[in-house]
Each structure stands twice: as C-alpha cells, then as structure tokens.
Amino acid sequence: MKKRKTPTEQERERIRDELRRDVALRQRGYRERALQLFPHLCASCGRAFSGARLKELTVHHKDHDHANNPPDGSNWELLCIYCHDHEHEKQGMAGYGNGSAADNARSEPSALFNPFAALDVRTAPESKEGKTN
Ligand SMILES: [Zn+2]
Ligand SMILES: [Zn+2]
C-alpha cells in the first residue's frame, strides 16, 4: 500500500538541497581550476592571497555569464571579495553568490525554486484578442 503524498516541505527541502549542492559543486569546480591557472593575486588590486585567506579570492566571470566556463580560463578573473563586489556594483548587477538583493527574498521560496515559473509563460495564451462574444 502506498500513501500518496502531496509535495511536502520535505520534498521541497530535498530539491533545494540538490540545487544547492549542484551549484556548490560547479562553483568549486571552476574555482579550483582557476586557482591552478592563475597566480593567486587579485587581478584588480594586486593583493596576494594564500593559506586560509585564499578563500577571499573569488572567480569573476568577465562576461558575467556564470555558465560560461571555458577550460582555458579565458572568461575568468581572480578578484578579491572586495574588488569583486565593487566590480558588480559598477555593473549594477546583483551579487555573485550571496548577493545583497537576494538576501531580502531568502526567507520565502522564491521564483528561483519554482520549476513552474517558466511554464506559466509558455502556456499563457498567445492571442488574447478575438473571442468577443
Ligand atoms: Zn582586490
Ligand atoms: Zn563576478
């Protein structure tokens, strides 16, 4: 006998977990590669990072497309967290991970985790006109 469950908090939590892990994995992947390719310096202010402070050195995507990760590192730049922040402010973009704008919405399951958000758009009737009865 099976009890049918509606999508529960648990289920959502699991999906969220998977998403998080996925992102973390991918980020760790290209960060590590970038750290192998480049000297451990901030490309903007030139400060050097090593040991525990190395985590303050982050990977910036030159074209701001986080999905664009050519293995030769041509889209990456190592920036310290301060310069990285500044870089994104300059571009008027929300943060690069723990973004400030995202913080406000964090308590609610946002559109980020709504797999149907895109569906809405797709199934929306394309022609509203006509049907004047
Ligand atoms: Zn810097
Ligand atoms: Zn960046």
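**Reading the fold and its confidence**

A: Begin with the order of elements: along the sequence, the protein chain follows the pattern α-β-β-α-α-α. That is four helices and two strands. Keep in mind from the start that this is a predicted model.

Q: What is the mean pLDDT of the protein chain, and what percentage of its residues reach 70 or more?

A: The general idea is that where pLDDT is low, the predicted coordinates should not be read in detail. Here the mean pLDDT is 76, and 62% of the residues of the protein chain reach 70 or more.

Q: Which elements have the lowest and the highest mean pLDDT?

A: Helix α3 (residues 100–104) has the lowest mean pLDDT, 39, whereas strand β2 (residues 76–80) has the highest, 97. Over residues 98–124 the pLDDT is below 50, and this stretch has ten contacts in the model beyond near neighbours in sequence.

Q: How do the two strands run, and how many bridges join them?

A: β1 and β2 run antiparallel and are joined by five bridges. Thr58 has Leu79 in β2 as its bridge partner, and Val59 stands opposite Leu78 in β2.

Q: What should I expect of side chains along a strand?

A: In a regular strand the side chains alternate between the two faces of the sheet.

Q: What percentage of the residues of the protein chain count as buried?

A: Of the 133 residues of the protein chain, 9% count as buried.

Q: Which residues make up the largest nonpolar core?

A: In soluble globular proteins, nonpolar side chains tend to be buried together. The largest nonpolar core in this model has nine residues: Ala34, Cys42, Leu57, Val59, Trp76, Leu78, Leu79, Cys80 and Cys83. Each of β1 and β2 supplies at least two residues of this core. The largest share, four residues, comes from β2.

Q: Which residues is Cys80 in contact with, leaving aside its neighbours within four places in sequence?

A: With those neighbours set aside, Cys80 is in contact with Cys42, Cys45, Arg47, Phe49, Glu56 and Leu57. For the chain as a whole, residues 24 or more positions apart account for 50% of the contacts with a separation of 6 or more.

Q: Cys45 is one of those partners. Is Cys45 buried or exposed?

A: Cys45 is exposed, because 11 other C-beta atoms lie within 10 Å and the limit for exposed is 12 or fewer. Cys45 lies in the loop between α1 (9–37) and β1. Not counting residues up to four places away in sequence, Cys45 touches Cys80 and Cys83.

Q: Why does His60 count as buried?

A: His60 counts as buried because it has 21 C-beta neighbours inside 10 Å, and the threshold is 20 or more. His60 is found in strand β1. Residues up to four places away in sequence aside, His60 touches Trp76, Glu77, Leu79, His84 and Glu87. His60 and His88 are 28 residues apart in sequence and 9.3 Å apart, C-alpha to C-alpha.

Q: Where is Asp85 found?

A: Asp85 is found in helix α2 (residues 81–91). Asp85 is partly exposed, with 16 other C-beta atoms within 10 Å. The C-alpha atoms of Asp85 and His60 are separated by 9.8 Å, and the two residues are 25 residues apart along the chain.

Q: What is the phi of His64?

A: His64 has a positive phi of about 65° although it is not a glycine. The place of His64 is in the loop between β1 (57–61) and β2. His64 is partly exposed, with 13 other C-beta atoms within 10 Å.

Conventions. Residues are numbered from 1 along each chain as its sequence is written. Chains are lettered from A and ligands numbered from 1 in the order in which they are written. This is a predicted model: local features need pLDDT of at least 70, side-chain atom pairs count only at pLDDT 80 or more; totals for chains, interfaces and linings use all residues. pLDDT is the predictor's confidence in each residue, from 0 to 100. Two residues are in contact if their C-beta atoms, placed from the backbone, lie within 7 Å. Two strands pair if DSSP finds at least two bridges between them. A nonpolar core is a set of buried Ala, Val, Leu, Ile, Met, Phe, Trp, Tyr and Cys residues joined through C-beta atoms within 7 Å.
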